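Morning, everyone. Please take a look at the structure on the screen, and I will walk you through it.

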Amino acid sequence: MPPVKPMLAKSVAKIPPGMQYEAKWDGFRAIVFRDGDEVELGSRTTKPLTRYFPELVAGLKERLPKRCVLDGEIVIAREGRLDFDALTERIHPADSRVRMLAERTPASFVAFDLLALADESLVETPLADRRALLTMALSGVTEPVHVAPATTDVATAQGWFEQYEGAGLDGVIAKPLTLRYLQDERAMFKIKHERTADVVVAGYRLHKSGPIVGSLLLGLYDDRGTLQHVGVSAAFSMKRRAELIDELEPLRMAEVAGHPWAAWSDEAAHESVRLPGAPSRWSGKKDLSWVPLRPEWVAEVAYDHMENGARFRHTARFRRWRPDRTPDSCTYAQLEEPVRYDLAAIFGPQA
């Protein structure tokens, strides 16, 4: 019975040998509970997702065994690749908008683990046996339900790691074959793509604990010469956060006027330029104010991949300052684009 917290993964640099391998999906992690006519979707934090995906609830009710609990990922595919932005649009208070989006951009569920079937809990069952039961229980399922491809061949997993990014996937997950299902424990391994880029540091937000740096605001120039906000870097020790305040003081602007992102508080301005503090239902009443800096310093950051070619999908990781680089050289042109790969090659024609 809900709530169930999903099993998690820790980051490693290379694909470890002797395990089961799956693609790392870039969607909403979800635990699906089906008991007859009842279907519930629980998020990674155990909050209910059911009302946001009515089309998926209907599809799961038609295709899943009468009583089961599944671990997997809710995804939306658009033009042959995953679209995370389309997922976030679903988290909306208006039921009419949710249902409109359900018709326009229907979601799918990718199942990769089986926690219970009929009256039997499988959380103490080894992964290899759970996988066999999963493929048997979902044999012949059709859209919007898929069984995540899995392999025990490390060479195949390496091929997936290199190819699937072109379809919007996030890397590879490695799971020990004897692994029991351990709620909220980092018992699996994730191998994610990492690249570096030189970016303009154009501002920062203060840390919630006081007058130290919480996150650096990062920018890249587009082909029109406009500085676009592409994300943040935020993983610093408390000591380093305090040091950054002093380091950045010479660049601090007394006011935002004259800054490339001066219009950040104007909601209409976000339609043509990516600016920090974009209005979002995710931010709620969160303080999005920031300290403007003259866009003169360049930093090297590590990132996994870009979202729609416009921004870092996740928080970038600061590597070093680059005094040898000029801000105007920090453009989108430096970014490596993965070779496109169609989701249909992973799922078949239904994707």
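Let's start with a loop. Ala118 lies between strand 8 and strand 9 (120-121), in the loop that joins them. A word on naming: helices (H or I, at least four residues) and strands (E, at least two) are DSSP runs, numbered from the N terminus. Ala118 is not a glycine, yet its phi is positive, about 55°. At 48% relative accessibility, Ala118 counts as partly exposed. The scale is this: buried is under 20% relative accessible area, exposed is over 50%, and partly exposed is in between, with a 1.4 Å probe and protein chains only.

Some ground rules. This is a predicted model, where local features need pLDDT of at least 70, side-chain atom pairs count only at pLDDT 80 or more, and totals for chains, interfaces and linings use all residues. Residues are numbered from 1 along each chain as its sequence is written, and side-chain values use heavy atoms, with hydrogens and water left out.

Asp184 also has a positive phi, about 60°, and is not a glycine. Look for Asp184 in the loop between strand 12 and strand 13. Its relative accessibility is 44%, so Asp184 is partly exposed.

Next, the sheets. Two strands pair if DSSP finds at least two bridges between them. Axes are lines fitted to C-alpha atoms, for helices over the stretch in contact, and angles run from 0 to 180 degrees between N-to-C directions.

Another open sheet of five strands has the order 16-15-14-17-20, and its pairing is antiparallel. Its edges are strand 16 and strand 20 (317-321), each with a single partner strand, so one side of each has no neighbour in the sheet. From one strand to the next, the twist averages 50°. Helix 6 packs on this sheet, touching strand 14, strand 15, strand 17 and strand 20, and its direction makes about 65° with that of strand 15. Contact means heavy atoms within 4.5 Å.

Now the interior. A nonpolar core is a set of buried Ala, Val, Leu, Ile, Met, Phe, Trp, Tyr and Cys residues joined through side-chain atoms within 4.5 Å. The largest has 37 residues, and Tyr204, Leu216, Leu218, Leu248 and Phe312 touch the most other members. Another core lies apart from it, with 30 residues, including Leu41 and Val141.

Last stop: Arg313. Arg313 sits in the loop between strand 19 (311-312) and strand 20. Is Arg313 buried or exposed? Buried, because its relative accessible area is 13%. Its side chain makes a polar contact of 3.0 Å with that of Asp26. A polar contact is a pair of N or O atoms within 3.5 Å; within protein, one must be able to donate a hydrogen and the other to accept it, and residues adjacent in sequence count only if both atoms are side-chain atoms.
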